[in-house]
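Please look over the sequence and the structure first.

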Amino acid sequence: MMRASGILLHISSLPSPHGIGTMGAAAKDFVDFLVKAGQAYWQILPVCPTSYGDSPYQSFSTFAGNPYFIDLDLLAKAGLLQPEEYESIDWESTPGCVNYGALYQKRYAVLHKACARLLAAPPADYADFLAKNAFWLPDYALFMALKDAHNGVCWQQWEEPLRRREPETLAAARAKYAADIDFWQAVQYLFYTQWHDLKAYANAQGIEIIGDLPIYVAEDSVDVWSCPQEFQLDENLVPTEVAGCPPDGFSATGQLWGNPLFDWDAMAANGYAWWVRRIRHLCGIYDVLRIDHFRGFAGYYAIPYGDKTAENGRWRTGPGYALFAAVKKELGSPRIIAEDLGFLTDDVRALLKECAYPGMKVLEFAFDSRDGGDYRPHSYPTNCIAYTGTHDNEPVDGWFGTALPDDIERAIQYLNLTKEEGMNWGMMRGIWSSVADLAVVQAQDVLGLGHEARMNTPATLGGNWCWRALPGAFTPELAQKLHDAMELYGRLPEEPAAEPDETEKSEDAEKAAEPKT
């Protein structure tokens, strides 16, 4: 990885008149901004569908794309919608905040209209799309159709033959809900068509996309329903233990995520085929893949199912390098970033070293007296990704409003911060000037926003994943200021070598033909 810089901004946070950021014009405008700002990477959060709680880390599917990100203007341009079918809808959203409840209630009626037209005259590549995604799409479409038929309740509450996927029952369901299955498959075609167009646009301008892989999947997901043998479930298909984090300086009772845990012995027996499929798929839609909670592959925290806090959990041994050896055998050497934050032990450090993936350094942690790691820039290795903060942290200006006074003073002294420059610019300067191969800043930090723009507060419910940038926020002046900083710190993308014109080619050919004396 060359010395470079990027910006973290989820698709949902893009400006949009229709309730949430999408893969349309605003996304391409942001790519243009990145180019003018001298950036090389656009980092996003998982693009999978969100479920209850709106978190992209709790999804109905690890392979599907989020229907909310489908741009309605692009559907109208393709003849699949009429503008009046969506422009007159009140999406009940302010420009700076997503209203997920309104999206859930109103978006799918619009998508039904578009998909009906698509299915009435399928595009030439539609059958090919279905064939290429046959390893996950039919199960996902059936799962979503069944959820609709059961008023959205978790699959654990479905009738027993469906819970256990008895073949005759599944065949009957596929026949009964064929129209709904067709709809959910068409939605994924629309998502991936727009996604690949956006990614091609970014790549053509030298911008690469860093995507995200949550280590765990939701209990209420097609992944667990369709592959129960891959998870730690009892004879009734109920999790025996669930995922989370132990108590620490940030939370006295720990974090109870509630995700089912993987049956690593069963996965090892089949060569980690489920994981290979997952990583192959995600590496096919992103340029670089960030794996969340990497330490869980060395050792993971298991909490008894039904507990209300994470206090009674215990550490268990993960698959270690065997998983990534299987990935390397099947996929070669995909470009992966390891999110190695949290409680680090020698086994985690050894695993990271053996994989040779770059880890992460978060500047806000450098001055947090509750964190025992050394995240000060002078200690960074080159093979790492430096961040001001991630989606789980305060924007810089929010951190300065909530951190302990001694921690703030330490940051000011270390980075020689001044109010005149702006704390956000001083903190960004701290990682840009480091030796880290890649430095990534939150869009909120570029915009100088504070606590009101925080994306997520871990272990809390409500108010998360909602922030959006306002229209016009990413100005040419801001792009130029970033570009100047990239030039100063040696992080500008390398200019491609210019092709010689025809005259130069002719002169070079004549020189090559001259006799040597």
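Which helices are included in what covers the buried residues of H6? They include helix H5 (126–132), helix H7 (160–163), helix H8 (167–176), helix H9 (178–204) and helix H10 (222–226). Helices here are DSSP runs of H or I with at least four residues, strands are runs of E with at least two, and both are numbered from the N terminus. Buried means under 20% relative accessible area, exposed means over 50%, and partly exposed lies in between, with a 1.4 Å probe and protein chains only.

## Basis of the report

This is a predicted model, in which local features need pLDDT of at least 70 and side-chain atom pairs count only at pLDDT 80 or more, while totals for chains, interfaces and linings use all residues. Residues are numbered from 1 along each chain as its sequence is written, and side-chain values use heavy atoms, with hydrogens and water left out.

## Overall form

The secondary structure comes to 20 helices and twelve strands. Along the principal axes, the C-alpha atoms fill a box of roughly 80 × 60 × 60 Å. The radius of gyration, taken over C-alpha atoms, is compared with a globule rule of 2.2 Å times the number of residues to the power 0.38. For 517 residues, a compact globule would have a radius of gyration near 24 Å, and the protein agrees with this at 24 Å.

Of the 517 residues, 54% are buried. A contact means heavy atoms within 4.5 Å. Among contacts with a separation of 6 or more, 74% are between residues 24 or more positions apart. The protein exposes about 22400 Å², of which carbon and sulfur atoms supply 53%. Accessible areas come from the Shrake-Rupley method with a 1.4 Å probe, and for residues only the protein chains shown count as cover.

## Helix H6 and what follows it

H6 has 13 residues and reaches 18 Å from its first C-alpha to its last, close to the 18 Å expected at 1.5 Å a residue. The expected span is 1.5 Å times one less than the number of residues. The buried residues of H6 include Leu 137, Tyr 140, Phe 143 and Lys 147.

H6 is followed by Asn 151, placed in the loop between H6 and H7. Asn 151 has a positive phi of about 55° although it is not a glycine, and is exposed, with a relative accessible area of 74%. Gln 157 is found in the loop between H6 and H7 as well and counts as exposed at 60% relative accessibility.

## Aromatic pairs

A pair of aromatic rings is described by the distance of the centres and the angle of the planes. Rings of Phe, Tyr and Trp (its six-membered ring) pair if their centres lie within 6.5 Å; planes under 30 degrees apart count as stacked, over 60 as edge-to-face and the rest as tilted. The structure holds 47 aromatic pairs. In one of them, the rings of Phe 60 and Phe 143 have their centres 6.4 Å apart and their planes at 55°, so the pair is tilted. Phe 60 lies in the loop between strand S2 (41–43) and helix H2 (72–77) and Phe 143 in helix H6 (residues 137–149), so this pair ties together parts that are 83 residues apart in sequence. Phe 60 is buried at 9% relative accessible area, and Phe 143 is buried at 0%.

How are the rings of Tyr 104 and Tyr 108 arranged? Their centres are 6.5 Å apart and their planes at 85°, so the pair is edge-to-face. Both residues lie in helix H4 (residues 100–120), four residues apart, about one turn of the helix. Tyr 104 is partly exposed, with a relative accessible area of 48%, whereas Tyr 108 is buried at 18%.

## Charges over rings

A charge sits over a ring if NZ of Lys or CZ of Arg is within 6 Å of the ring centre and within 35 degrees of the ring normal. Arg 278 lies over the face of Trp 275, at 5.0 Å from the ring centre. The charged end of Lys 481 sits over the ring of Trp 425, 4.1 Å from its centre.
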